[in-house]
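I opened this notebook to record what I looked up in one structure. The entries follow the order in which I worked.

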Amino acid sequence: MIRTIAIDDEPLALQQLVTYIRKVPFLELVAECQSAIDAQKVLEQEVIDVMFIDINMPDLNGLDFVRTLAAPPLVVFTTAYSEYALEGYKVNAVDYLLKPFGMDEFMRAANKVKQQYDLTHTAEVSRVDDNDAIFLKTEHRIVRINVTNIRYIEGMSEYLKIYLKEGKPLVVLLSMKKMEERLSSTNFMRIHRSYIINLNEIQEVNKNRVILDQDTYLPIGDLYRDQLNRYIESKFLGK
């Protein structure tokens with residue numbers, strides 16, 4: 001299922017969007033919001049694969065909101081103003097729905113989302129005989145990486161940037177969820193919707209961030225805080 005959020009400041013338009021989403025078998029509605037501010041709170045708490053978002057909203061419009069996100073999910077813009085179409089594609093929107101739109105138009109956009117989602121999630125992460133290595137596709141090559149050589153992983157929309165102890169970072173077309181599943185039995189943990197870390201690399205945990213070295217500070221997401229705290233408590237010595 002593709003985890004979905006609907007965002008529109010107009011109640012009737014939002015309800016129509018929600019109705020359409022619920023009719024699509026492969027979409028799962030996680031939340032409905034009437035502002036970008038509310039949507040931001042959802043994104044901080046939930047893993048969202050795609051958002052259907054109105055552009056012309058008060059306070060913070062849809063385009064500006066997407067630009068603020070370091071690792072935005074897939075995006076489909078909805079608006080009554082056709083002049084926004086070009087701007088929408090500049091932020092890599094999957095599609096653009098011009099209001100008023102019907103179920104057939106919505107379904108076409110949803111299918112584009114599914115195609116993009118499937119492309120991202122079918123990138124291969126292959127096991128090898130020794131459980132400490134994986135193969136990844138990057139820049140038309142297939143490279144072997146020792147898992148223990150990974151410091152941390154950063155999610156960037158449909159791509160991952162893998163930071164290594166030795167060697168340059170690698171950028172691969174792959175989802176955080178897929179990588180998280182592959183590393184679930186190893187000494188890695190997801191600490192934020194955009195970060196997975198090698199727990200052996202932690203030097204300090206300070207308030208809302210994990211410090212790997214003097215130049216690397218990674219945020220802790222509220223959704224992942226309890227799991228990290230349990231890990232720290234399991235290793236903690238002293239009162």
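**Entry 1: helix H1**

I listed Ala13, Leu14, Leu17, Val18, Tyr20 and Ile21 as buried in H1; buried means under 20% relative accessible area, exposed over 50%, and partly exposed in between, with a 1.4 Å probe and protein chains only. Seen down the axis of H1, these buried residues fall within an arc of 165 degrees, so they line one face of the helix. I took the arc from the directions between the helix axis and the C-beta atoms. An α-helix has 3.6 residues a turn, so residues three or four places apart point the same way. On the face of H1 turned away from the buried side I found the exposed residues Pro11, Leu12, Arg22 and Lys23.

I noted that this is a predicted model, in which local features need pLDDT of at least 70 and side-chain atom pairs count only at pLDDT 80 or more, while totals for chains, interfaces and linings use all residues. Residues are numbered from 1 along each chain as its sequence is written, and side-chain values use heavy atoms, with hydrogens and water left out.

I then checked the length of H1: its 13 residues (11-23) should span 18 Å at 1.5 Å a residue, and the end C-alpha atoms are 19 Å apart, which agrees. The expected span is 1.5 Å times one less than the number of residues. Helices (H or I, at least four residues) and strands (E, at least two) are DSSP runs, numbered from the N terminus.

**Entry 2: aromatic pairs**

I counted five aromatic pairs, where rings of Phe, Tyr and Trp (its six-membered ring) pair if their centres lie within 6.5 Å; planes under 30 degrees apart count as stacked, over 60 as edge-to-face and the rest as tilted. The rings of Tyr20 and Phe101 have centres 6.0 Å apart and planes at 50 degrees, so I recorded the pair as tilted. Tyr20 in helix H1 and Phe101 in the loop between E5 and H5 are 81 residues apart. Both Tyr20 and Phe101 are buried. For Tyr20 and Phe106 the centres are 5.6 Å apart and the planes at 40 degrees, so this pair is tilted. Ring pairs link Tyr20, Phe52, Phe101 and Phe106 into a cluster.

**Entry 3: backbone**

Which peptide bond is cis, with omega near -5 degrees? I found that it runs from Lys99 to Pro100. Pro100 is placed in the loop between strand E5 (95-98) and helix H5 (103-121). I also noted a positive phi of about 70 degrees at Asp59, which is not a glycine. Asp59 is exposed, with a relative accessible area of 82%.
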